[in-house]
Amino acid sequence: MLVIPGFSGKDTCDGVTRRELLRIGGSAILGLSLADLFRGEAQARKKDEQAIGFGKAKSIILIYLQGGPSHIDLWDPKEETKVASIFKTINTKTSGLQFTELMPKLAQVTDKVTMIRSMSYTPVGLFNHTAAIYQMMTGYTADKVSPSGQLEPPTPKDFPNFGSNIIKFKPPTVPMLPFVMLPRPLQESNVIGKGGTAGFLGRAYDPYTLYPDNADNDNKAMDKIRVEDLKLRDEVTPRRMTRREKLRNTINEGMPALEKATAKYDLDEYYGKALGLVVSGRARKAFDLDAEKKELREKYGDNTFGKSLLLARRLVEAGTRVVEVNWPKVANSDNHSWDVHIGLPERMKKQSAPMLDAGLSALIADLDDRGLLSETLVVCVGEFGRSPQRGVSTSGNGNSADGRDHWPYCFTACVAGGGVKKNFVYGKSDKTASAPAENPVHPRELLATMYHCMGINPATLVYNHLNQPRELVQGEPVTGILS
């Protein structure tokens with residue numbers, strides 16, 4: 001079938017890049033034949049396929065440390081007196097790479113990861129959480145930013161979350177939830193979910209949200225998740241949702257009988273997918289954390305974050321394409337939030353860092369032990385780092401003498417699996433960790449790398465609510481971290 005790229009807001013199942021559109025436009029001028037055009041497109045696809053790291057990941061887990069963790073106090077310690085962490089420095093398995101004493105477990109699995117120590121961007125306006133989160137999730141800056149740096153609530157005009165783009169072009173190959181977000185939404189103050197939806201792609205590509213009540217304060221919140229929490233998408237009509245409880249009961253009572261009964265019906269796409277998901281039993285089994293050995297559950301941590309990471313592993317193992325685990329606390333909040341304007345020593349040492357250290361190290365080791373790390377891309381990052389100097393205001397917020405303010409000019413990301421080098425450090429911060437000294441990486445480039453590893457050209461076009469072509473992200477993959 002001949003498909004004209006860009007026609008009526010449609011695109012091919014593989015998408016089309018801006019470069020291809022330009023090539024199509026110029027073909028008539030140059031007198032190229034249709035065969036020449038197709039030959040060129042095939043060569044471009046082959047070039048992508050042969051690119052280092054391209055398509056090596058089958059799934060992705062983003063561990064989003066909303067609130068902005070202090071890179072200096074976790075994994076980029078400095079000796080400079082004015083900025084040095086109060087925490088001791090420890091060695092890791094990677095030669096020359098040091099963490100602080102807050103990350104002893106992660107230090108033992110650095111032979112499986114790449115640390116990017118040169119994440120950096122210059123903010124547009126005030127660099128508060130919502131605008132930074134939106135950029136990190138979509139690759140684009142927002143049009144409307146309030147004086148406080150916050151944005152308007154999510155709208156259908158928003159750019160899509162990276163996960164929505166991925167499942168559009170790489171849907172699951174088995175009946176399974178394609179994109180899951182847990183255990184709480186992206187949030188700063190009363191702005192909830194900005195950057196966490198499919199935006200102009202349409203609600204069919206929204207993530208399945210798994211937000212147990214009180215997830216940010218109740219470490220047992222994940223234990224309350226049951227099969228009944230699964231629900232059909234909003235696109236499914238009320239007629240198809242009738243007697244859902246009866247359907248669930250029927251499933252539990254007799255799976256073989258249901259499969260036989262539904263096989264003869266010509267079910268439409270959405271209903272078929274929803275019913276297939278429930279019938280397959282994959283989701284039900286994935287949510288059963290008790291199926292894991294107690295010893296492994298303890299390694300992840302008996303808290304909301306640790307259990308979310310364990311569930312993330314079970315989901316990708318069952319066929320989910322994208323899992324986004326958001327730190328279980330509102331970005332600008334207290335206690336185990338990463339927004340440490342005040343009380344940094346106590347909060348990081350006794351609350352947030354132990355959960356991150358246990359959960360992240362357990363996830364990486366667990367995926368590797370199961371042979372899943374090579375095909376699962378793991379990315380752990382926040383929306384920015386923290387100010388090198390303690391007790392100063394960089395974003396208009398007040399800070400105690402031991403607190404650090406927002407700092408987008410230099411921070412760290414931890415990346416593993418799915419085509420990424422092991423035992424590697426990319427980029428370097430200067431002596432105060434205030435700016436990259438080598439190889440700066442913009443959030444757009446990190447997103448481009450994620451798409452690349454998933455086998456999607458970052459320059460692929462999608463069409464917004466005005467039927468205008470937009471690239472998935474305007475950035476190039478960081479090939480220096482790929483293998």
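I looked up the burial of Trp-407 and found it buried, because its relative accessibility is 17%; buried means under 20% relative accessible area, exposed over 50% and partly exposed in between, with a 1.4 Å probe and protein chains only. I note that the model is predicted, that local features need pLDDT of at least 70 and side-chain atom pairs pLDDT 80 or more, and that totals for chains, interfaces and linings use all residues. Residues are numbered from 1 along each chain as its sequence is written, and side-chain values use heavy atoms, without hydrogens and water.

I recorded Tyr-409 as partly exposed, with a relative accessible area of 28%.

**Aromatic pairs**

Rings of Phe, Tyr and Trp (its six-membered ring) pair if their centres lie within 6.5 Å; planes under 30 degrees apart count as stacked, over 60 as edge-to-face and the rest as tilted. Tyr-140 and Phe-159 are stacked, 3.8 Å centre to centre with 5° between the planes. Both residues lie in the loop between α5 and α6 (162–169), so this pair ties together parts 19 residues apart in sequence. I found Tyr-140 buried, and Phe-159 likewise. The ring centres of Trp-407 and Tyr-409 are 5.0 Å apart and their planes stand at 70°, so I list this pair as edge-to-face. I also noted one aromatic cluster formed by Tyr-140, Phe-159 and Phe-200.

**Charges over rings**

I applied the criterion that NZ of Lys or CZ of Arg is within 6 Å of the ring centre and within 35 degrees of the ring normal. Lys-421 has its charged end over the ring of Phe-424, 4.5 Å from the centre. Lys-168 lies over the face of Phe-169, with 5.6 Å to the ring centre.

**Thr-94**

I located Thr-94 in the loop between β3 (89–91) and β4 (98–100); helices (H or I, at least four residues) and strands (E, at least two) are DSSP runs numbered from the N terminus. Thr-94 counts as buried because its relative accessibility is 6%. Beyond its neighbours within four places in sequence, Thr-94 contacts Thr-110, Asp-111, Asn-423, Phe-424 and Val-425, where contact means heavy atoms within 4.5 Å. The C-alpha atoms of Thr-94 and Phe-424 are separated by 7.2 Å, although these residues are 330 residues apart along the chain.
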